[in-house]
Amino acid sequence: MTSTLYKNGFIHSPADPFAEAILVDNGMIAWLGANDSAAAFAKNADRVVDLDGALVTPGFVDSHVHLLETALARRAVAVSPDSGGHS
């Protein structure tokens, strides 16, 4: 299990719109808050990263699939010379 404290940045989060630091523990956000409060977490963190004013935003994941279009594409026969005869 590893933990990383990111501090001195701008953390975009509706949970704390003024957050400057974030603690990530084993891939999960464990804490979010102000730089002055981050000092308490720094001594137990495996790694401390100074963001030097950088912006941190959540990752956006689009996990939906258009099943009908995917199924139709797999059933289609490719007729171009470079397609190998099927898709």
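Okay, let's start with the inside of this protein: 18% of its 87 residues count as buried. Buried here means under 20% relative accessible area, exposed means over 50%, and partly exposed is in between, with a 1.4 Å probe and protein chains only. Before I go on, this is a predicted model, where local features need pLDDT of at least 70, side-chain atom pairs count only at pLDDT 80 or more, and totals for chains, interfaces and linings use all residues. Residues are numbered from 1 along each chain as its sequence is written, and side-chain values use heavy atoms, with hydrogens and water left out.

So, what is the protein built from? There are 2 helices and 6 strands. Those are DSSP runs, numbered from the N terminus: helices are H or I with at least four residues, strands are E with at least two. Read from the N terminus, the order is β-β-β-β-α-β-β-α.

Now the sheet. In what order do the strands of the open sheet sit? The order is E4-E3-E1-E5, so 4 strands, and the pairing is mixed. From one strand to the next, the twist averages 15°, using lines fitted to C-alpha atoms as axes (for helices, over the stretch in contact) and angles from 0 to 180 degrees between N-to-C directions.

Let's walk through the pairs. Two strands pair if DSSP finds at least two bridges between them. In general, strands of a sheet pair through backbone hydrogen bonds, either parallel or antiparallel. Here, E3 and E4 are antiparallel, over 5 bridges, and Ala 21 has Gly 33 in E4 as its bridge partner. Strand E1 (residues 3-7) and strand E3 (residues 21-25) are also paired in the antiparallel sense, over 4 bridges, with Tyr 6 opposite Ile 22 in E3. E1 and strand E5 (residues 47-50), on the other hand, pair in the parallel sense over 4 bridges; there, Leu 5 has Val 48 in E5 as its bridge partner.

Let me pick two residues. Leaving aside neighbours within four places in sequence, Thr 4 is in contact with Ile 22, Leu 23, Val 24, Arg 47 and Val 49, where contact means heavy atoms within 4.5 Å.

Then there's Met 1, in the segment before E1. Met 1 has a relative accessible area of 78%, which means that it counts as exposed. Not counting residues up to four places away in sequence, Met 1 touches Asp 25, Asn 26 and Asp 46. Met 1 and Asp 46 are 45 residues apart in sequence, and their C-alpha atoms are 9.2 Å apart in space.

Next, the cores. A nonpolar core is a set of buried Ala, Val, Leu, Ile, Met, Phe, Trp, Tyr and Cys residues joined through side-chain atoms within 4.5 Å. Which residues make up the largest one? Its 6 residues are Leu 5, Ala 21, Leu 23, Trp 31, Ala 38 and Ala 45. Apart from that core lies another, of 5 residues, including Ile 11, Ile 22, Val 49 and Leu 51.
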